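Look at the model below.

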Amino acid sequence: MSILDAYLPVVLFLLVALVVTAAMLAAAALIHPSRQNIVKSQAYECGIETTTDARDRYSVRYYLVAMLFVVFDVETVFLFPWAVILDELLLFGLIEMGIFLGILVIGYAYAWRTGALDWA
Amino acid sequence: MGTAIAFYILAALILTGGVLVITAKSAVHSVVWLVGTIIAIAALYVVQHAEFLAVIQVLVYAGGIVVLYLFVVMLVNLKRPAEAIVHPQRRERTGLLLGGALLAQFAAVAFYAFNSPQVGTAATYSARGNVEAVARALYVEYLVPFEVASVLLLVAMVGAIVLARRDA
Amino acid sequence: MTTNRDTATSAFDTDELVINMGPQHPSTHGVLRLVLRLDGERVIDMDVVIGYLHRGVEKLTEQRDYTQIVLLTDRMDYVAAASNNLGYVETVEKLMSLEVPKRAQYIRTVLAELQRIASHLVWLGTHAMDIGAVTVFLYCLRERELVLDLFEEYCGARLTYNAMRVGGLPMDLSTGWEAKVRAFCDLLPGKIDDYETLLTNNRIWLERTKDVGVISGADATAIGLTGPALRASGVRRDVRKDEPYAAYKDFDFEVPLGTRGDTYDRYTVRLIEMRQSVRIVQQALDGMPDGPVMGKVPRLIKPPAGETYHAIESPKGELGYFIVSDGQSLSPYRLRVRPPSLCNLQALPQLARGHLVADVVALIGTIDIVLGEVDR
Amino acid sequence: MIDMVVIPVFKMLVVITAVLSAVAYMVLLERKVQAWVQVRLGPMRVGPHGVLQPIADVLKLITKEDVRPASADRFLFTLAPILVVVPALIVFAVVPFGTSTTMFGKEISLYITDLDIGLLYIVSVASIGLYGLILGGWASNSKYPLLSSLRASAQIVSYEVAVTMTLVSLIVTAGSLSLVEIVKAQEAHGVWYVFIQPVAFVIFVIGALAETNRAPFDLPEAEQELVGGFHTEYSGMRFALFFLAEYTNMIVVSAVGVTMFLGGWLAPFSSVSWLAWLGLVPGWVWFSLKTFLLLSLFLWIRATLPRYRYDQLMRLGWKVLIPLALVNLAVSAVLKVLL
């Protein structure tokens, strides 16, 4: 089986899932009533008219979490192929990944020390 | 045959996505189109038998870096008036310059690709799968770049913390 | 690393987010509105906006005769109507220097303590639910139903009892009621153990309540906290002990105190109070005297000219009534309530400052407010 | 053509139908389990013991008006629910429900496809679902949903790191990224990986709860705080899609957990001779049963525990689970090399 044969079902599944989802939305759109009015289409804020805009600048912490995530994400990406062939690399693999992770653990420790991992 | 059809469909999707990224009015819409483009590129990798690269493309770019973009787009409120644009023409000039540089780079890559001997990608594709080929290349042949990558990640992490902590 | 939030204009500067919590919000325990100013999810400051449930109870009393007012008091703290009744009738009795029969005093004490249990059960259930432990809520309400059954059998109503009269009680106990109360008293401690199994040593519960909303005894006194919220900060103040009313001086019970004044202490203090209430009820039933339940009261209740203040320990704290009579009218010249919910609510901004949004919800729960009483 | 398209599409429709009905009945099951824990009955009105309640729910959601806030971003408001549902569904492409079965004289595999990088496929596709949550909150242009979607995205990415690391330590043990191969490796080892990697399993379950926004990590949806979360402004079918995605994701993580740790379609006690008859039960039955048990654990936890606060949740993710997962990975790797 070639690689494309294995991936064709994935593409088909994507299309099927999209069609099913769209069909659900479309079916509901045909059936459900639509009686919009001004009050109904206000954004919810506990019954009070909103005075300030919701789309505002947010705490930088969210950004920091995303940044740290990207770093760790890339790190785990390196781990996956390594884990697969660890039985070939053996001690060599252990040491090279030890160095790789060791360097990252320094960064992790730095993040811990500076409080970047504390939300509050 | 099937590969060719897939290639052209995906290439069309990627180009459309790319155009939508730069023409979308809202920055958030741009980010959404960027995700679509990245996924289409990932599919193109699969067609090129680089399935590992494809999932990594989705996992790291679509699932990580673009989330970061989205946060940035949300973080810096784009509705605020731009503060520091003194010369609008300067921005245009910079844009033209960068665009030109990019085109030159494309030309160079294309020129190089046409004039160099074929690199055997298929040869490295082993029977037990793509991941192992990548793994072997990464952890045996390119050991030093791999270890250097961890330093790069360390710098990224420290840099992010320093930047974010500056005012907080 | 210096804090220069006021002057910084860099791209990492965060805008303050002003968000309304309430009046239509599931955890504000009624129609309370909090205007939160947030940095991320951290509360910088908040304004408490009240008045959405204002019905002018105090003004209405000027148009009602003294017996009718009992009905109005029901609707203030509507999860503890009997306590409201008790505070009011005792104030009028004090104003008129009426003697209340001993049996009536004992029954009033039983009712007030059952009411305390019911009110604390509602508090525990909603407080736990605000923190996400939904099951505790249903368990608490299950036991509260039993208290409501007892009240229903006593006076016919389950929420707004109108259970007391100036000078005594409207009716004596029905036969068999005392046995049912005893059965409930035997049952409840085991049930409280059940709640404690779910919460007291639960890691998440501890993390959510310990060191959240800490207030020192001095601060608590200064801001006017009363009731369990005050005692959790280590201040020994309980009207039942300090200025005994009804039949409290006849009974032996402890007043639990907290040490740190955090949400967890307020939780444990109220749990112990429920257990102590059971003790009081049992002692009252054991020593229940015979006799009439209504004292000698003139047909028309018309207190002499004068004014008086009297307070009781309602489940939420010191509930005081101040009544001014002109000596001629059948209605008070002025009636003023000192509602514990309102006094305790004043502490909310101070408790919440610097905490996260999720804590605000826990703090509203921990100070145990009823908006009917806050707004009146 | 039949092998390439018709049979796979048929399988996909079967999977989607099964997932959709499983979701519908999981909602009922959740309400019933919660009710039993809380000494009440749960839905009883629609059908005997409420068994038709899911159908009533679906009808209600379909016929309900779909309100969109005036200030919302039209395009993204509609796109967001689709973006959460589709990734949740297509993850099932690589989940093996069993090995194969014979139908109409043809051998049909009980999975849609077997990818060499199956596990990475799951991780990466699942990461796309995040956009639906962020965009749903942002497109609503309403404060509570926006706070919630920021919470959701930070929470999900935080726990994704730990969960992915536990998966890596499992791959160290199994030596493959294909889910079919991982189950076969468990068969060959003669032991489910939950017994080899118990710590990884615990981290996985905790992370799974957090990534699917389930109690005690249901902060993005905490109705007591954020009145419902990123889908506050949604109603009707678009809301139903968010709902569908959440429960589909629960099934996904349970199915992945079963495949990775609980032997997938394998029958239990295969080494005990007098229980060998358990192997006669079809594999997909075992698979469903184990998934169901893991899901019930989710429901049980929800009925028991209070909710974490945001900083505590982040601390648990970054300061407890990630180091633990790293240590676990190191130990697994060292043991693998030495033994």
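Two strands pair if DSSP finds at least two bridges between them. In this predicted model, strand 1 and strand 2 (residues 33-39) of chain C pair in the antiparallel sense over five bridges. C:Ile19 stands opposite C:Leu36 in strand 2 of chain C.

The sheet in chain C is open and has three strands, in the order 1-2-3. Its pairing is antiparallel. Strand 1 (17-21) and strand 3 (42-49) of chain C each have a single partner strand, so one side of each is left without a neighbour in the sheet. On average, neighbouring strands are turned by 20° against each other, direction ignored.

Helix 5 (residues 143-174) of chain D lies across strand 1 and strand 2 of chain C. This helix of chain D runs at about 115° to strand 1 of chain C.

Now turn to chains A and B. The size of an interface is often given as the accessible area lost when the parts come together. The table describes this interface.

| Item, chain B and chain A | Value |
|---|---|
| Residues in contact | 45 of chain B, 48 of chain A |
| Buried area | about 4300 Å² |
| Salt bridges | one |
| Residue pairs in polar contact (both at pLDDT 80 or more) | three |

Carbon and sulfur atoms give 75% of the buried area. B:Arg136 forms a salt bridge with A:Glu88, with the closest N and O atoms 3.0 Å apart. On the side of chain B that touches chain A, helices 2, 3, 5 and 6 of chain B each give two or more residues. Helix 6 of chain B gives the largest share, 16 residues. The residues of this side divide into 31 nonpolar, six polar and eight charged.

Note on methods. Residues numbered from 1 in each chain as written. Chains lettered and ligands numbered in written order. Predicted model: local features only at pLDDT ≥ 70, side-chain atom pairs only at ≥ 80, totals over all residues. Heavy atoms only, no water. Contact = heavy atoms within 4.5 Å. Buried area = accessible area lost by both parts, 1.4 Å probe. Salt bridge = Lys/Arg side-chain N within 4 Å of Asp/Glu carboxyl O. Polar contact = N/O pair within 3.5 Å; in protein donor to acceptor, adjacent residues only side chain to side chain. Helix = DSSP H or I, 4+ residues; strand = E, 2+ residues; numbered from the N terminus. Nonpolar A, V, L, I, M, F, W, Y, C, P; charged D, E, K, R; others polar. Axes fitted to C-alpha atoms, helices over the stretch in contact; angles between N-to-C directions.
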